[in-house]
Amino acid sequence: MGRKSSKAKEKKQKRLEERAAMDAVCAKVEAANKLEDPLEAFPVFKKYDRNGLDVSIECRRGARLEPATLEWAFELTKSNMQTLYEQSEWGWKEREKREELVDDRAWYLIARDAAAGPVAFSHFRFDVECGEEVLYWFDIDDSSPSVSGCCGDDCSYEILSRRTKFGESQQAHPGGHCGGCCH
C-alpha cells in the first residue's frame with residue numbers, strides 16, 4: 001500500500017521539471033538584474049551622433065538615478081502620455097505611474113545632451129511573465145521629435161536581449177500561468 005503508482009511518479013517528475021524550468025528562467029532574470037551596466041560590453045551604443053543629434057546614452061537602475069532625473073522622466077511621461085492614458089480604459093493614475101518609475105526593478109536608458117542635459121529615456125525591466133523571461137518596455141519618451149530613435153529603437157532591445165542572454169531560446173512555463181517568483 002505504501003508504493004507510489006507510476007502515474008504519481010510521472011506527475012511528481014513533471015512538477016520537478018516544471019520547477020527546474022522556472023528556476024532557470026528566474027536565474028536569467030536575476031543575473032540580468034545584477035548587471036552593473038547591460039551596455040558595458042557595447043560601448044559603441046553609448047554614443048548617438050546622427051542627423052545633428054549628439055547624445056551620450058547611459059543604462060542605469062532607477063534606484064541609482066538622481067531625484068531630478070526621475071522627476072524629469074515623470075514630467076516628460078506625463079506630458080507625452082497623460083492624454084492617451086485618459087482616453088484608454090486604464091486612465092491616468094499619477095501615483096501609480098510615479099511608483100512604476102521608481103520600482104526596484106526599473107532600468108533606464110537615458111540620452112543626455114552635453115549642453116542640455118537629459119533629452120530622452122526608455123524605461124524597462126527584466127522580468128518573468130507567464131513563465132518566460134521578458135524584457136518589458138514601459139516608456140520610451142523624448143523631449144523633441146528630433147530626438148526620436150536614439151533611446152529605444154529595435155537595436156537597444158536587441159543589445160539588451162543578447163547581453164543578458166534573453167535572446168536565447170525560451171521555454172514556456174507549462175500551464176500558461178506565471179510562477180510569480182520574480183515579481
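Okay, let's start with sulfur: there are 0 disulfides in this structure. Keep in mind that what you're looking at is a predicted model.

So what about the cysteines themselves? Take cysteine 59: it's buried, because its relative accessible area is 4% and the cut-off for buried is under 20%. Cysteine 130 has a relative accessibility of 39%, so that one counts as partly exposed.

Now find strand S3 on your screens, residues 107-113. How much of it is buried? Well, 6 of its 7 residues are, so the rest of the structure largely encloses this strand.

And who are its partners? On one hand there's strand S2, residues 53-61, which runs antiparallel to S3 and is joined to it by 7 bridges. If you want a pair to click on, serine 56 has arginine 112 in S3 as its bridge partner. Then there's strand S4, residues 117-129, also antiparallel to S3, again with 7 bridges. Here you can look at isoleucine 110, which sits opposite phenylalanine 121 in S4. Getting from S3 to S4 takes a hairpin of 3 residues.

Roll a probe the size of a water molecule over the atoms, and you see where empty space is left. The largest pocket here holds about 370 Å³ of space. It's lined by 16 residues, and the closest to its centre are Tyr85, Trp90, Lys97, Glu100 and Phe138. What kinds of residues make up that lining? It's 8 nonpolar, 2 polar and 6 charged.

Technical notes. Residues numbered from 1 in each chain as written. Predicted model: local features only at pLDDT ≥ 70, side-chain atom pairs only at ≥ 80, totals over all residues. Heavy atoms only, no water. 1 Å grid on protein atoms, 1.4 Å probe; cavity = no way out; pocket = protein on both sides within 12 Å on 5 of 7 lines; lining within 4 Å. Points joined across faces, edges and corners; volume = space filled by probe spheres on them. Nonpolar A, V, L, I, M, F, W, Y, C, P; charged D, E, K, R; others polar. Disulfide = S-S within 2.5 Å. Buried < 20%, exposed > 50% of the residue type's maximum accessible area, 1.4 Å probe, protein only. Helix = DSSP H or I, 4+ residues; strand = E, 2+ residues; numbered from the N terminus. Pairing = 2+ DSSP bridges.
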